[in-house]
Structure formats: structure tokens, C-alpha cells
Amino acid sequence: MIRVSVAHMRIAARTDAGRSGKKNEDNFAVSAYQLGPGNATPSVLAVVADGIGGHRAGEVASALAVETISRVVSESDGSDPLGTLTQAVAMANYHIVSQANQDNARLGMGSTCVCAWVIGDRLYSVSVGDSRLYWIRRDAIRQLTTDHTWVHDAIVHGIIQPEDARTHPNAHVIRRYLGSQPPPEADFRLRLEATESDDEALRNQGLRLLPGDVLVLCTDGLTDLVEDEEILGTVQHYHDLDTAAEALIALANERGGHDNITVVLLQMVGEMPTIPVPPVVLAMQARQETMPERAWWLGLGLLALLTLGVLFFGLIWLLGAPLLPPTPTPT
């Protein structure tokens, strides 16, 4: 891809160390491209990473994650977004583990990551850990990514209630992170509805964004202290994305700011032609998108065959039946 100076989306990004006195272990990057010399399709990549608390050199791990993922994506042509993101996450994990093994002071360092890659008007994303991606459309907000944490798994299995998650002693126990051995599984599920299966969530990759849609990438320094509906209300209240990002960080700090806080906002603007979904993603969506259409055509075909059958056998009966003699008329 070719880097460009003007993105096709509105962008705002802020990071803050918080009020705890700890150094900022968050890192982020937002880059704008066109796909190639002969392909002017615009592209924006946003990456947010959070050095895992309690692990040494967390800021080094998060910086490696952002740098590596951004580089791998920038070297691609955008034709296979999910394959590229898979490679980028694997490469980031490799570099973090390699650096940790070369320096005892960095042994055990790790990082979460969440990426949003918008190609034209299509969204592709991957996450590892508990940094989140939200999607805002009109008056609704949806957390697209899944937290890879102990409390999330406990809620799913009915061990604890959702309202107990924030205050639970295991609230910050992460199940997946970059820098682990064996390498973590990259999560490509985009959950548009709470009731969706994992396969349905995977098929949401390539989600078409509409003008006005906002994507929010953030670390848990925000989501630990600010509710989803408050994120929605803040973004809706401020027409300027920079002001909205600053207001979200200020709100988290007002409530204690116990961790580093990073917020990246991306907003679709204007009317854009729909960018075709790459073949790799279309293959994932094929079953979901074609089954209803196939069922409709199958039903129509069966109805036509049934109608022809009735007409055919009715004609045979009429031609083969003896004619009734005329009724005599008395004189």
C-alpha cells in the first residue's frame, strides 16, 4: 500500500498516563493509505496496544505490537485483509517473545492489541486481550470484540453476574496476550448481536460502514471506569472528535484514572461507492449470504413443477375420458 497524507475518515486519538502515577504503557498508531499505484481505494489502519500490567517492560511490548502490525499491513496490497492481520499478529508475538528472551529485564513482557482496518467502506478487525473495538451507528453502540479475560469467561459460564465484573478480584486477569508461548489465537469475531454464534460473528468481517458511523478503539483504562452508554453519549454530544476523545479521557480521570487511558475515534464521512469484499472474506460469508436466496429459488422451482404436473395430468385425463352421451330432450 502507499501511504497518503489525507485519510478518507475523520480521526482523533489521545493517550494519557492516568492518575495512578505509573508510566504510560499504552501505544497506538493510525495510518492512511491507498491500496496501490493503480488502485486509489483508500484505507485506514488503527492499532491500539496496552502493555500488560505487572509484566516488566510493558511499554516495550506494546510499542513492538503497534510497530510490527502497522508495518506488516502497510507492506500488503489489501487483497487478503484477514490473512494479513493473522500474519501481523503472529509476527508481533514473535518479536515480543524474541526481545524478552534476549533481555532478562524484559522477560515476561506482554501486550494486548486491537486493530481496525477500514478498506474503502469495509471494516476488518482482530483483537488479542481486553482492548476493545466499539461501533456506533446513530443512537446505538455495540462492542464488536470479545474480552479475553477471566471475568468474561466466568460470566459466559454463569459463575458471576455481569454487574460483578468490574469489582471482581480477577477483573484484570487476561487469558490471551501478545508475548505468550504458545502464541495466542487471533480473534476475528465481530459480534453484532449478543446471540450470534462464533461462526456468524466471523462472517461479519467486511462489515459495511455508513457515513456517520464511528469506531472507538480503547484500552481498559477507559472501559473500567466509563460505561458503554457514556461513551455513546460523549461521542454524540461533541461534533468534534478531538473534543470527544479528550472528554472521554477526562471522565475516566475524574473517576480515579487508575490505569493508562487510550482512545482512538474513526468516523466515516460522505458517500462512498461500496468497495467489493475480497474473495477470501466472501468465501467465509458465502453460506450465510446464499442460503436464503437458494431456498427462495428452490421453492419457486418446486411450485412451477407442481403446476406443470397438475396441468399435464389434467390434460391426459381430459383426452382419455369417454365422452358422455347427450341427454335426450322429450318432445
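Mentor: Begin with a definition: axes are lines fitted to C-alpha atoms, for helices over the stretch in contact, and angles run from 0 to 180 degrees between N-to-C directions. Keep in mind that this is a predicted model.

Trainee: At what angle do helix 1 and helix 2 pack?

Mentor: The axes of helix 1 and helix 2 are 8 Å apart. Residues of helix 1, including Leu-64, Thr-68 and Val-72, meet residues of helix 2, among them Leu-85, Met-91 and Ile-96. The angle between helix 1 and helix 2 is about 145°.

Trainee: Is the crossing of helix 1 and helix 2 left-handed or right-handed?

Mentor: The handedness rests on how the near helix is turned from the far one: anticlockwise by less than a right angle is left-handed, clockwise is right-handed. For helix 1 passing helix 2, the crossing is right-handed.

Trainee: What is the mean pLDDT of the protein?

Mentor: Of its residues, 76% reach a pLDDT of 70 or more. Over residues 280-296 the pLDDT stays under 50, and the model has 13 contacts beyond four places in sequence for them. For the protein, the mean pLDDT is 85.

Trainee: Which strands are the edge strands of the open sheet?

Mentor: The sheet has 6 strands with antiparallel pairing, in the order 1-3-4-5-6-9. An edge strand pairs on one side only. That holds for strand 1 (2-3) and strand 9 (207-208).

Trainee: Which residue stands opposite Ile-2?

Mentor: Strand 1 pairs with strand 3 (residues 26-36) in the antiparallel sense, over 2 bridges. The residue opposite Ile-2 lies in strand 3 and is Gln-34.

Trainee: What angle does helix 1 make with strand 4?

Mentor: Helix 1 (residues 58-74) packs on the sheet and touches strand 3, strand 4 (39-51) and strand 5 (111-119). Its direction and that of strand 4 make an angle of about 165°.

Trainee: And at what angle does helix 2 run to strand 6?

Mentor: Helix 2 (residues 81-102) lies across strand 5 and strand 6 (122-128). Relative to strand 6, helix 2 runs at about 25°.

Trainee: How many residues apart are Asp-121 and Arg-208?

Mentor: Their side chains meet in a salt bridge, at 3.1 Å from N to O. Asp-121 is in the loop between strand 5 and strand 6, whereas Arg-208 is in strand 9, so the pair links distant parts of the chain. The separation is 87 residues.

Trainee: Is Asp-121 buried or exposed?

Mentor: Buried means under 20% relative accessible area. Arg-208, at 36%, counts as partly exposed. Asp-121 has a relative accessible area of 1%, so Asp-121 is buried.

Trainee: What is the relative accessible area of Asp-147?

Mentor: Asp-147 forms a salt bridge with Arg-132, at 2.6 Å from N to O. Arg-132 counts as buried at 16% relative accessibility. Asp-147 is buried too, and its relative accessible area is 11%.

Trainee: Which parts does the salt bridge between Arg-142 and Glu-193 tie together?

Mentor: The closest N and O atoms of Arg-142 and Glu-193 are 3.8 Å apart. Arg-142 is partly exposed at 27%, and Glu-193 is partly exposed at 45%. The parts are 51 residues apart in sequence: strand 8 and the loop between helix 3 and helix 4 (198-202).

Definitions and conventions: Residues numbered from 1 in each chain as written. Predicted model: local features only at pLDDT ≥ 70, side-chain atom pairs only at ≥ 80, totals over all residues. Heavy atoms only, no water. pLDDT = per-residue confidence, 0-100. Contact = heavy atoms within 4.5 Å. Pairing = 2+ DSSP bridges. Helix = DSSP H or I, 4+ residues; strand = E, 2+ residues; numbered from the N terminus. Salt bridge = Lys/Arg side-chain N within 4 Å of Asp/Glu carboxyl O. Buried < 20%, exposed > 50% of the residue type's maximum accessible area, 1.4 Å probe, protein only.
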